[in-house]
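This report describes one protein model through its pocket, its ring pairs, its salt bridges and its backbone geometry. The sequence and structure are shown first.

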Amino acid sequence: MSSTQQINIMVVIDTDKLLQDHSTLSQDPNNPTGLAHDCQYMVCVGSRGAVTGQGGADIKFQANVGDDVCFMGTSVYGNSDSAVVIYGIVPRGNPSTNVFNEFEYNSITRDGAAMPNDKSPGRNGLPAVNKPANFSSFDAKVATKGTEAFLVRMAVYTLADDGETQKLKGYCYWDPTITVA
């Protein structure tokens, strides 16, 4: 009997490119602005075999039925200047052929997450300090093998003039295709 495996997909958004191409974004989370496939990069770890499309906007990986797939998102700034929050992963196809069960938002808090030490003697961030940090993902189980198209919905935030506050720029989506072999 095989055990389930967790497959993680990090979505990195080039927010500079996104905002260069779309100076205005929808303010309606139910009607986000569509994006081309030129500012999103997916990196997959935990696949049961080779990954095709690593670092691109579409991806193919190997999984078994019952495996967990977790999507996490960030901007190229690590969400420190501009930020990206994934708020939905919705299938575009026929519900009877869904490769994944419904994606659900999950959040965890690590009370002792490793963070660079801003008071380190060598000014290199070491030794790291432990601080609370929140981590979020959208997770689903693999229901069957195949190919499925999605709408990945994101809220984009930009750094305000005060240099401290990230303000909502708008909502957008892109439509990756994911193949589970």
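## Basis of the description

Helices (H or I, at least four residues) and strands (E, at least two) are DSSP runs, numbered from the N terminus. The model is predicted, so local features need pLDDT of at least 70 and side-chain atom pairs count only at pLDDT 80 or more, while totals for chains, interfaces and linings use all residues. Residues are numbered from 1 along each chain as its sequence is written, and side-chain values use heavy atoms, with hydrogens and water left out.

Asn-79 is found in the loop between β5 and β6. Its phi is near 65 degrees, a positive value in a residue other than glycine. Asn-79 has a relative accessible area of 25% and is therefore partly exposed (buried means under 20% relative accessible area, exposed over 50%, partly exposed in between, with a 1.4 Å probe and protein chains only).

The loop between β7 and β8 holds Arg-123, which has a positive phi of about 55 degrees although it is not a glycine. Arg-123 is exposed, at a relative accessible area of 66%. Pro-127 also lies in the loop between β7 and β8, and a cis peptide bond with omega of about -5 degrees joins Leu-126 to Pro-127. Most residues other than glycine have a negative phi, and most peptide bonds are trans.

## The largest pocket

The largest pocket contains about 520 Å³ of space. On a 1 Å grid over the protein atoms alone, a cavity is a set of points where a 1.4 Å probe fits but cannot get out, and a pocket is an open set with protein on both sides within 12 Å along at least five of seven lines; lining residues have an atom within 4 Å of a point. Grid points are joined across faces, edges and corners, and a volume is the space filled by probe spheres set on the points.

The lining of the largest pocket consists of 23 residues, with Met-72, Asn-134, Phe-135, Ser-136 and Ser-137 nearest its centre. At least two lining residues come from each of β1 (6-13), β5 (68-75), β6 (83-91), β7 (104-115) and β8 (129-141). The largest share, six residues, is supplied by β8. By residue class, the lining holds 12 nonpolar, nine polar and two charged residues (Ala, Val, Leu, Ile, Met, Phe, Trp, Tyr, Cys and Pro count as nonpolar, Asp, Glu, Lys and Arg as charged, and the others, Gly among them, as polar).

## Aromatic pairs

Rings of Phe, Tyr and Trp (its six-membered ring) pair if their centres lie within 6.5 Å; planes under 30 degrees apart count as stacked, over 60 as edge-to-face and the rest as tilted. By this rule there are six aromatic pairs. One of them is the edge-to-face pair of Tyr-87 and Tyr-171, at 5.5 Å centre to centre and 80 degrees between the planes. This pair links distant parts of the chain, 84 residues apart: Tyr-87 in strand β6 and Tyr-171 in strand β10 (residues 166-174). Tyr-87 is partly exposed at 26% relative accessibility, whereas Tyr-171 is buried at 15%.

The rings of Phe-100 and Phe-103 have their centres 5.4 Å apart and their planes at 50 degrees, so this pair is tilted. Phe-100 is buried, with a relative accessible area of 3%, and Phe-103 is buried at 8%. Phe-71, Phe-100, Phe-103 and Phe-150 form one aromatic cluster.

## Salt bridges

The whole structure contains five salt bridges (a side-chain nitrogen of Lys or Arg within 4 Å of a carboxyl oxygen of Asp or Glu). Among them is the bridge between Asp-38 and Lys-17, at 3.4 Å, N to O. Asp-38 lies in the loop between β2 and β3 (40-45) and Lys-17 in helix α1, so the pair ties together parts that are 21 residues apart in sequence. Lys-17, Asp-21 and Asp-38 are linked in a network of salt bridges.

Arg-48 and Asp-67 meet in a further salt bridge (2.6 Å, N to O). Arg-48 lies in the loop between β3 and β4 (59-61) and Asp-67 in the loop between β4 and β5, so the bridge ties together parts that are 19 residues apart in sequence. Arg-48 is partly exposed at 30% relative accessibility, but Asp-67 is buried at 1%.
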